[in-house]
Amino acid sequence: AVNGSYYVQLEELDALPLGLSIAVGFLATAILVVNNVRDIETDRRAGKNTSAVRMGRANAINMYKVLVLGAFALWQRRREQNGKTPLVSLSLFKNTVFVRSALIVAILSLGQAGISFALPVFFQGVLQLSAVQTGIAMLPMSLTLLVVSFFTAYVSTFFTPKRIIQGALVIDAAAFWALSAGIGADSSQWALVPGFLLFGLGMGLLMSQASNMTLSAVSVKQS
């Protein structure tokens with residue numbers, strides 16, 4: 001429709017309306033997909049074979065993500081081509097140091113978010129602890145992370161950021177193992193203290209170094 005209207009008005013085709021039509025088409029399709037995901041059960045019972053019914057909920061959600069990200073990427077690329085400052089420069093993802101550091105931070109941040117959500121549920125739902133007792137049980141992780149983060153700058157005078165990150169990843173892997181080993185219906189809240197201490201130590205060492213590596217890989221203009 002965008003290209004057709006452009007041709008009717010100017011009697012020619014151009015890359016500009018083509019790019020705009022793709023971005024708009026992605027967003028329009030994303031709206032249709034999210035509506036189909038919402039109605040997937042009722043459509044299946046009614047015999048409506050929508051794209052979400054055929055692909056399944058998980059694949060339809062993934063398709064929605066791709067469409068939204070695709071529209072965003074096209075918009076950012078267009079801004080760069082027009083000499084404007086993009087929200088996220090797509091050229092950043094050609095920088096391997098930036099991509100690796102960002103992935104490390106993102107993965108461990110998800111792990112920390114999972115711990116901060118799942119373990120309080122375990123403490124209160126399984127061990128029947130109160131909210132105050134749950135907060136006290138998780139203090140070892142928070143305090144260790146806070147204290148270690150202050151001393152990471154001093155540690156970096158003896159080791160390179162790469163070695164610190166590698167060591168921190170090993171410590172975090174041991175922390176996840178210790179936490180999984182300490183979880184049980186008959187375990188006490190203190191059985192998770194070793195895992196909390198290790199996770200706080202690993203995250204305290206890693207986050208500042210990984211963040212520094214991520215930002216140092218980006219030029220001043222791109223940041």
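Which residues have the most contacts inside the largest nonpolar core? Select Ile 115, Leu 119, Phe 123, Leu 192 and Phe 196. The core they belong to has 25 residues. A nonpolar core here is a set of buried Ala, Val, Leu, Ile, Met, Phe, Trp, Tyr and Cys residues joined through side-chain atoms within 4.5 Å. Buried means under 20% relative accessible area, exposed over 50%, and partly exposed in between (1.4 Å probe, protein chains only).

This is a predicted model, in which local features need pLDDT of at least 70, side-chain atom pairs count only at pLDDT 80 or more, and totals for chains, interfaces and linings use all residues. Residues are numbered from 1 along each chain as its sequence is written, and side-chain values use heavy atoms, with hydrogens and water left out.

**The largest core**

Color helix H6 (96-125), H8, helix H9 (161-182) and helix H10 (193-216): each supplies at least two residues of the 25-residue core. Helices (H or I, at least four residues) are DSSP runs, numbered from the N terminus.

Now center on Leu 192. Leu 192 touches Leu 119, Phe 122, Phe 123, Leu 179, Gly 182 and Ile 183, leaving aside residues up to four places away in sequence. Contact means heavy atoms within 4.5 Å.

**Along H6**

The expected span is 1.5 Å times one less than the number of residues. Buried residues of H6 include Phe 98, Val 105, Gly 111 and Pro 120. Ile 115, Leu 119, Phe 122 and Phe 123 are also on that buried list.

Step to Gln 128, in the loop between H6 and H7. Its phi is near 60 degrees, a positive value in a residue other than glycine. Most residues other than glycine have a negative phi. Gln 128 counts as exposed because its relative accessibility is 59%.

**The surface patch**

Select Val 132, Ile 136, Leu 139, Leu 143, Leu 146, Val 147, Phe 150, Phe 151 and Trp 190. Together they form a nonpolar patch on the surface, with about 950 Å² of accessible area. Helix H7 (131-137) and helix H8 (139-155) are the elements that give it two or more residues. H8 gives the most, with 6 residues. Val 132 sits in H7 and is exposed, at 59% relative accessibility.

Such a patch takes residues with over 30% relative accessible area and no salt bridge; like charges are joined within 9 Å, nonpolar side chains (Val, Leu, Ile, Met, Phe, Trp, Tyr) within 5 Å. Areas come from the Shrake-Rupley method with a 1.4 Å probe; for residues, only the protein chains shown count as cover.

**H5 and the second core**

Go to helix H5 (residues 57-81). Its 25 residues should span 36 Å at 1.5 Å a residue, and its end C-alpha atoms are 36 Å apart, which agrees. Ala 60, Leu 67, Gly 70, Ala 71 and Gln 76 are buried in H5. A second, separate core of 8 residues includes Ile 40, Ala 52, Ala 60 and Leu 67. Gly 83 follows H5, with a positive phi near 80 degrees.

**Salt bridges**

How many salt bridges does a search of the whole structure find? The search finds 2. Each is a side-chain nitrogen of Lys or Arg within 4 Å of a carboxyl oxygen of Asp or Glu.

- Arg 38 and Asp 39 meet at 3.0 Å, N to O. Arg 38 is exposed, at 60%; Asp 39 is partly exposed, at 24%.
- Arg 44 pairs with Glu 41, the closest N and O atoms being 3.2 Å apart. They lie 3 residues apart in helix H3 (residues 40-46), so about one helical turn separates them.
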